[in-house]
Amino acid sequence: MSCPGCWNADSLGNHRAVIRFDGPGSVAHVYIPWRRRDPDPASHRIIIQDGNTGARINDATAITLTREAGELAFRPTSGKGTYYVYYLPYRNEGKSNYPKGIYWKPDTTASPEWAHTTVPIKLNCTVAAIQSIDTFNTFYPMEVIATRQETLALRQKYPGSPFLVFPEDRDHSIRMRNDLPYRWIKKGPQSTFAGSAARGENYAFQLGIYALQPLNDVRLGFSDLRDAGGHTIGKNAIECINTTGVSYDGHPFTKIVNIPAGQVQALWCVVHVPMTATPGVYTGTVHIEAGTPRTVTIHLTVTHGQKPDGGVGEPAKMTRLGWLNSTLAQDNSVIAPYTPLVLQGDTAINLLGRTVILNPSGFPQQIRTYFSPENTEITTIPNDLLAENIHFHFTRKSDGKDIRLKAQGLRFLEKTPGTITWQATSAADELKMEVHASLEFDGFLSYTVKVTALQDLDLKDIVMHIPFEKAVATYIMGLGLKGGYRPDSMYRWKWDVAHKNQDGAWIGTVNAGLQYSLRDEHYVRPLNTNFYLQKPLIAPSSWANDGNGGIYVGIKGKSMLANNYSGPRQMKKGDTLYYNFNLLITPFHALNTDAQWAMRFYHKYDAPQTIKATGATVVNIHHATPINPYINYPFIAWREMKGFIDTAHALGLEVKIYNTVRELSDHAYEIFALRSLGTEIYSPGHGGGFSWLQEHLGDDYIPAWFVPEIKDAAIINSGMSRWHNYYVEGMNWLVNNVGIDGIYLDDVAFDRVTMKRIKRVLTQNGHPGIIDLHSANQYNPRDGFMSSANLYMEHFPYLNRLWFGEYFDYEKNTPDFFLTEVSGIPFGLMGEMLQGGGNPWRGMVYGMTNRMPWSDNADPRPIWKAWDDFGMEGTKMVGYWSPNCPVRTGTSEIPATVFKKPGAALVALASWATQDTTIRLTIDWQALGIDSAHATIEAPEIRNFQPARHFASGDGIPVEPGKGWLLVIRQ
């Protein structure tokens with residue numbers, strides 16, 4: 001029973017017993033059969049409240065407190081009447097969005113006189129009800145435990161049986177592992193199950209397996225379901241998500257289910273009823289193999305109703321569990337704006353703006369890009385990244401010489417528009433290297449390098465060299481270095497995965513660069529964004545080599561060399577090591593500056609008419625809003641969301657929603673079905689957090705984001721899992737049924753496989769598919785000192801905008817940091833600023849504003865007006881980083897970027913100097929296409945940015961520290 005709003009749960013807890021005292025006497029004596037799932041009721045405070053006055057009753061004694069019942073005595077201060085016993089009171093400590101629910105310990109409030117009070121032998125109270133603050137918090141019925149005696153009697157009734165089966169319908173999720181629900185004691189084990197489903201419906205049910213002895217490798221076998229007329233629902237239409245599945249990257253697998261003695265395991269089954277099924281009662285069996293087999297007979301009534309979409313519009317009925325095994329959008333088809341891969345000759349592969357040329361060993365002989373220095377267009381002028389080919393050295397310890405491997409040739413395997421794969425083998429008498437590699441249409445190269453000892457070997461080192469052209473290796477990001485200029489001196493780095501989320505770096509310049517990461521066959525994506533230390537990288541045994549491996553980066557001869565060494569080691573004949581690595585060739589595409597000027601974000605839930613009036617064109621709907629209340633589960637208020645989107649679309653607005661997979665709301669209908677999968681979907685952890693999590697999940701989870709206003713508590717997902725299949729299907733459903741135009745990602749907890757799938761479903765049938773990514777600065781101890789841009793670079797090919805972000809310091813960092821870590825420009829993206837509203841003058845050097853109205857001072861409308869007054873559409877952005885920039889200030893501390901069009905240019909300049917500076921512009925009038933004799937230089941008035949001012953050519957222009965100007969030069 002629930003009683004919404006009847007008491008303050010934050011001080012009294014979520015549960016209470018309603019007691020009626022009818023006398024006789026002046027001491028109330030009550031026995032409460034509460035049947036609690038928490039492990040130690042005696043460790044929790046009991047608060048007894050007078051129902052008449054609301055006052056706490058101090059004179060009270062807990063006679064016995066067990067999980068099964070509580071026996072209490074108290075002074076009924078208002079005589080006969082109603083009293084309340086609150087038995088799980090708590091308080092929240094810590095940060096409001098990451099609370100620690102602390103349960104009050106028992107206290108002593110009784111008066112000295114009470115200690116000598118005689119408690120009547122007979123009970124003189126009745127328990128009128130056991131209530132929860134609302135239905136979401138109730139324990140009834142699946143968390144009301146069976147008593148020890150009831151459980152023992154049940155076990156004794158089935159001597160010698162290895163397990164008992166309790167079928168359950170989809171409305172009663174099995175929630176407890178270590179206790180039986182009292183509901184099962186009343187029902188008893190069952191050998192039949194009956195349910196009802198519409199035609200086309202995904203009908204879910206459960207088999208609760210109670211292990212009386214240890215069970216290993218529990219398996220299910222389904223028969224066809226048949227009706228009296230011989231019609232069938234084939235067994236292939238039935239699945240159990242606990243025993244079989246399809247991984248997030250499309251690989252089928254079988255899941256081993258082991259159940260310790262005394263524990264309960266829910267097995268969730270789904271019958272995908274065909275739309276063509278003839279209405280009637282279908283009967284079949286599910287065979288449970290776990291030592292001694294058991295068979296449960298299934299009777300499924302198929303009604304005349306129809307659910308063409310499987311019923312997924314009603315997720316409370318568990319109709320979406322099949323989404324966990326979806327392969328939607330797995331085909332690696334080319335996604336716009338990318339172009340199909342083209343194999344040219346025997347060694348060269350062309351892709352959008354780039355070329356990879358392979359050598360006989362299978363490694364890149366050369367990598368070229370064709371982007372302009374400004375990265376605003378693709379040209380015919382090549383930019384070579386490599387001074388020589390990427391290669392390995394295998395160095396003997398005995399003589400310090402390399403083992404010379406002979407390449408046996410390159411062989412292409414798959415040749416599709418989206419993927420080209422190849423293999424190559426190189427060998428010597430002592431050692432063999434087998435290379436399997438692939439290149440995808442977005443510029444991602446994946447290398448599996450298997451090294452096998454053909455003899456016993458004592459090696460001084462195994463090294464991979466990436467020799468960059470010096471002119472390209474201007475900037476670096478990663479290996480403990482924030483984004484910026486590459487150090488002049490040799491930089492050295494060592495593996496430390498326990499503390500650092502670092503396994504590679506990005507090295508390059510605006511129009512040519514390469515990210516690489518070093519891995520082995522055991523790589524698992526770690527957690528990120530506050531949780532890296534709880535699931536860090538696994539050190540690759542090849543590269544890290546028990547602390548002997550590392551990287552140094554610096555000038556060596558004609559190249560800037562990234563030397564990736566693993567140090568001395570011994571290999572026995574037949575031993576194998578995997579020196580795997582990934583490469584990303586940047587930029588991914590040219591900048592779309594017109595989209596930057598036209599796509600104007602409003603990052604707040606508000607009335608569509610209000611948003612339209614600001615001049616914004618895209619609205620981001622965060623979670624914890626009326627139409628998207630629960631974090632990363634936008635399926636509860638979807639009808640309200642659709643109504644909002646329909647209104648927004650009528651006004652010409654596009655709508656994106658907050659939805660990612662790093663954590664998941666406790667309001668997700670499938671939470672207990674997902675928990676039945678062990679740690680596959682949710683990360684293991686020490687539990688804690690908000691009270692609901694502690695009371696209903698118990699343990700083995702990591703608490704995440706919490707919204708106090710609506711009491712939405714999330715838990716952390718495990719990383720790469722089948723939940724990503726559900727996520728893709730969910731996004732597809734939102735596009736087609738709710739009309740979303742894209743998503744806002746608040747950091748990312750999936751890899752590029754899922755990102756590609758998401759982009760495909762978001763852009764289907766001409767939908768906009770807008771994706772923007774916000775990241776809090778990950779360069780801190782809890783996130784493993786990882787730069788956000790480096791962490792998420794694999795996702796950049798599919799993003800439309802960056803928003804970097806919380807904890808980014810726009811005042812103390814240098815222009816090279818802005819360029820590499822914040823702007824997105826070297827990767828073909830543009831961005832916006834968040835923390836404190838950003839620095840508008842410095843932002844404009846990179847074409848960035850802040851985003852209204854999320855943070856203080858976040859109002860880009862004055863700059864939007866300046867853009868519109870100038871006419872930014874069709875301008876060419878020529879950044880200060882380009883040798884072609886036609887306007888210079890004479891100092892690197894005040895860079896200038898030009899946005900030019902025929903007859904006019906907008907110049908953005910900003911100061912990183914520590915003092916007032918007067919600069920004079922050096923202008924290449926010919927490059928601007930403006931006659932200097934007839935040119936004007938005006939600073940238009942821009943509210944909260946600059947006053948109106950006129951400058952003549954050659955005038956000194958005063959620039960304050962941290963500020964700047966937007967100047968319009970016209971013919």
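Visitor: What is the phi of the glycine that follows α10?
Guide: Glycine 739 follows α10, and its phi is positive, near 90°. Keep in mind that this is a predicted model.

Visitor: How far apart are the end C-alpha atoms of helix α10, and what should the span be?
Guide: The end C-alpha atoms are 20 Å apart. Helix α10 covers residues 723-737, which is 15 residues, and at 1.5 Å a residue it should span 21 Å, so the two values agree.

Visitor: Is that helix mostly covered or mostly exposed?
Guide: Mostly covered: of the 15 residues in α10, 13 are buried.

Visitor: Where is serine 718 in relation to α10?
Guide: Serine 718 sits in the loop between β48 (712-716) and α10.

Visitor: Buried or exposed, that serine 718?
Guide: Serine 718 counts as buried, because its relative accessibility is 6%.

Visitor: What does the side chain of serine 718 reach?
Guide: The backbone oxygen of glutamate 680, at 2.6 Å.

Visitor: And what else is serine 718 in contact with, leaving aside neighbours within four places in sequence?
Guide: Its contacts include Thr679, Ile681, Tyr682 and Ser683, along with Glu680. Leu527 and Lys535 are also among them.

Visitor: Switching to glutamine 515. Which strand is it in?
Guide: Glutamine 515 lies in strand β37, residues 512-519. It counts as buried because its relative accessibility is 11%.

Visitor: What does its side chain reach, that of glutamine 515?
Guide: The side chain of glutamine 515 reaches a backbone oxygen, that of asparagine 790, at 2.8 Å.

Visitor: Which residues is glutamine 515 in contact with, outside four places in sequence?
Guide: Ala505, Trp506, Asn582, Leu583, Leu584, Asn790 and Met793. As for leucine 584, its C-alpha is 5.0 Å from that of glutamine 515, although the two are 69 residues apart in sequence.

Visitor: On to aromatics. How many aromatic pairs does the structure hold?
Guide: It holds 55. One of the pairs is tryptophan 597 with tryptophan 867, which is edge-to-face, with 4.9 Å centre to centre and 70° between the planes.

Visitor: Where in the chain are tryptophan 597 and tryptophan 867?
Guide: In distant parts, 270 residues apart. Tryptophan 597 is in helix α5 (residues 593-598), and tryptophan 867 is in helix α15 (residues 861-870). Both tryptophan 597 and tryptophan 867 are buried.

Visitor: What about phenylalanine 951 and tryptophan 965, what kind of pair do they form?
Guide: Phenylalanine 951 and tryptophan 965 also pair edge-to-face, at 5.5 Å centre to centre and 85° between the planes.

Visitor: Are phenylalanine 951 and tryptophan 965 buried or exposed?
Guide: Phenylalanine 951 has a relative accessible area of 2%, so it is buried. Tryptophan 965 is buried too, at 8%.

Visitor: Which residues do ring pairs link into a cluster?
Guide: The cluster is made up of Phe363, Phe392, Phe394, Phe412, Trp422, Tyr447, Trp543, Tyr579 and Phe581.

Visitor: Which ring does the charged end of arginine 320 sit over?
Guide: That of phenylalanine 635, 4.3 Å from the ring centre. The charged end of arginine 851 sits over the ring of phenylalanine 601, 4.3 Å from its centre.

Visitor: Last topic, cysteines. Which of them does a disulfide join?
Guide: Cysteine 3 and cysteine 6, with an S to S distance of 1.8 Å. The structure holds one disulfide.

Visitor: Is the link of cysteine 3 and cysteine 6 left-handed or right-handed?
Guide: Left-handed, with -65° about the S-S bond. Cysteine 3 counts as buried at 14% relative accessibility, whereas cysteine 6 counts as partly exposed at 39%.

Visitor: How far is the sulfur of cysteine 125 from the closest cysteine sulfur?
Guide: It is 19 Å away, in cysteine 3, so that is too far for a bond. Cysteine 125 has a relative accessible area of 12% and is therefore buried.

Note on methods. Residues are numbered from 1 along each chain as its sequence is written. This is a predicted model: local features need pLDDT of at least 70, side-chain atom pairs count only at pLDDT 80 or more; totals for chains, interfaces and linings use all residues. Side-chain values use heavy atoms; hydrogens and water are left out. Helices (H or I, at least four residues) and strands (E, at least two) are DSSP runs, numbered from the N terminus. Buried means under 20% relative accessible area, exposed over 50%, partly exposed in between (1.4 Å probe, protein chains only). Contact means heavy atoms within 4.5 Å. A polar contact is a pair of N or O atoms within 3.5 Å; within protein, one must be able to donate a hydrogen and the other to accept it, and residues adjacent in sequence count only if both atoms are side-chain atoms. The expected span of a helix is 1.5 Å times one less than its number of residues. Rings of Phe, Tyr and Trp (its six-membered ring) pair if their centres lie within 6.5 Å; planes under 30 degrees apart count as stacked, over 60 as edge-to-face and the rest as tilted. A charge sits over a ring if NZ of Lys or CZ of Arg is within 6 Å of the ring centre and within 35 degrees of the ring normal. A disulfide is a pair of cysteine sulfur atoms within 2.5 Å.
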